[in-house]
Amino acid sequence: MVAVFNKELLSWYLITVKLNQAVENGIQNAQTPTASTSRSIDLPESSSAREIQPSNTDTLQIPIKEDESSGQELDAGQVKPVESEWVISIKDKLQQADQEDGAGSWAKVSIYRIPQCLREGDDNKAYIPQTVSLGPYHHGRKRLRNMDRHKWRALHHILKRTNQKIELYLDAVKELEDRARACYEGQVHHNSNEFVEMMVLDACFVLELLRGAAGGFTHLGYSRNDPIFAMRGSMHSIQRDMIMLENQIPLFILERLFAIQAGGPSDQVGWPAGSQTGVVARLALRFFDPLMPTDEPLSKSDRSKLESSIGTTFDPLTEQGGLHCLEVFRRSLLAIRAGPKPTPRVWIKKWSHTNRVADKRRQQLIHCVTELKDSGIKFKRRRTDRIWDIKFKNGILKIPRLLIHDGTKSLFLNLIAYEQCHLDCTNDITSYVIFMDNLIDSPADVSYLHYCGIIENWLGSDAEVADMFNRLCQEVVFDINDSSLSRLSEQVNRYYEHRWNAWRASLKHRYFNTPWTIISFFAAVVLLWLTLAQTFYSVYGYYKPH
């Protein structure tokens, strides 16, 4: 240790050292220790130091170096260096990762963020609400704040109509806060009060819409000219936003607040207390009915057959309670399914020739409409309200009618995203969309399906429908072995590969496609028989004359 100093600056040096020590003692987060640390020297205070004046010409150099490897302990007057902000931030991230990876934390998630691979392209708008935000994912977006004042209006109407206090709703949601937070993927960056307020406000807004669509908004105290709480044009955009995966409220929150409302003394459009089980889900199905991809009602005979096969009267909500409105809507599409309930998917399977991990390259279930038509397969409309209920028999492929409108793309994309994220559900909607994607390769395929009554196009041109289906499953990982339509596709492909069917179809297409060709064919056959008969009698008369 070397110390070179000027006596005239000794007093200033001592003052600086003491101040430096005082500052270091008061700071909690010290600087990161380096390979060489500087230590201060406690020099005896000179009696003449206070009388010495500093000089600009004199210099002070006190380089003191200490090797870390020496392992010397810190002086009694020094502060032990604490962890740097960088190390602390890393430990915080590791602690957060440990919490997220805790047992059962992912098992409770039901409202997911859309994976980034599905967001790429022009389909990102189909996942982001454009009118109203529900839940924490899009809360506070600038373009969606205009709807907040209508949410407060809805809450005010509820409290006024039921003569209840807001504390009743806040306390009810407060009890379910941890359970509600667990439904969302990742960490919800809202404190307890903000989260509870958001849940109460959004849930009451949703309940007013569901009840107003079922019993009328005027019965709930709203004006018939209300800009939101009336069956106006804006309701369609609200319905599309409320069916998005990232824009969901847990169903148990809605049920709890609905039960509180139904117990109010002056509830005009309520149900008896204790009978709220499944009511919110049924209201949601009625509210989202305009988004249904089919309007074909199930015939009474088919309903009776399905009810007899199931053994009970059909009710799409007899199973365990739904998770949110999108899941309830999906279950309603797949509600009537004769036979045993399909088992949930196993995402990662053992590697073998029959069971393998989902392969993006193996998504071709079936050939397109044009190719199947050329091989002799006919297309007919199947009269059922279950779009997945496709049948194939004797060369006839029966497909239920599908309505294509401006909300179909967003609906299918969010249903597919939910099936991709949620492991405890089947991939029936994904299988159906990929099946239709395989069938439709060109506008000509759409045109022929429309001719057969299978597709009702309210979107625009046939090219737009073909482009929509070709883009729906671009980034979806799907295994044909895990498809509910794989067996039907195998039957269709076997029929398609039979060469005789193709020859017969080609003959019919070329020579029997119009009534005139059929008449010409029969005329030719008659002429051929007459020619043969004339030849026969001529030869017969030559060898056996009379």
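## Cavities

On a 1 Å grid over the protein atoms alone, a cavity is a set of points where a 1.4 Å probe fits but cannot get out, and its lining residues have an atom within 4 Å of a point. This is a predicted model, in which local features need pLDDT of at least 70 and side-chain atom pairs count only at pLDDT 80 or more, while totals for chains, interfaces and linings use all residues. Residues are numbered from 1 along each chain as its sequence is written, and side-chain values use heavy atoms, without hydrogens and water.

Two cavities of 30 Å³ or more turn up in a search of the whole structure. The second largest cavity holds about 40 Å³ of space, a volume being the space filled by probe spheres set on grid points joined across faces, edges and corners. Its lining consists of L134, V206, M242, N247, Q248, I249, L254 and C325. Six of these residues are nonpolar, two are polar and none is charged (Ala, Val, Leu, Ile, Met, Phe, Trp, Tyr, Cys and Pro count as nonpolar, Asp, Glu, Lys and Arg as charged, the others, Gly among them, as polar).

Strand β4 pairs with β5 (residues 396-400) in the antiparallel sense over three bridges; pairing requires at least two bridges found by DSSP. F392 stands opposite L397 in β5.

Note on methods
On a 1 Å grid over the protein atoms alone, a cavity is a set of points where a 1.4 Å probe fits but cannot get out, and a pocket is an open set with protein on both sides within 12 Å along at least five of seven lines; lining residues have an atom within 4 Å of a point. Helices (H or I, at least four residues) and strands (E, at least two) are DSSP runs, numbered from the N terminus.
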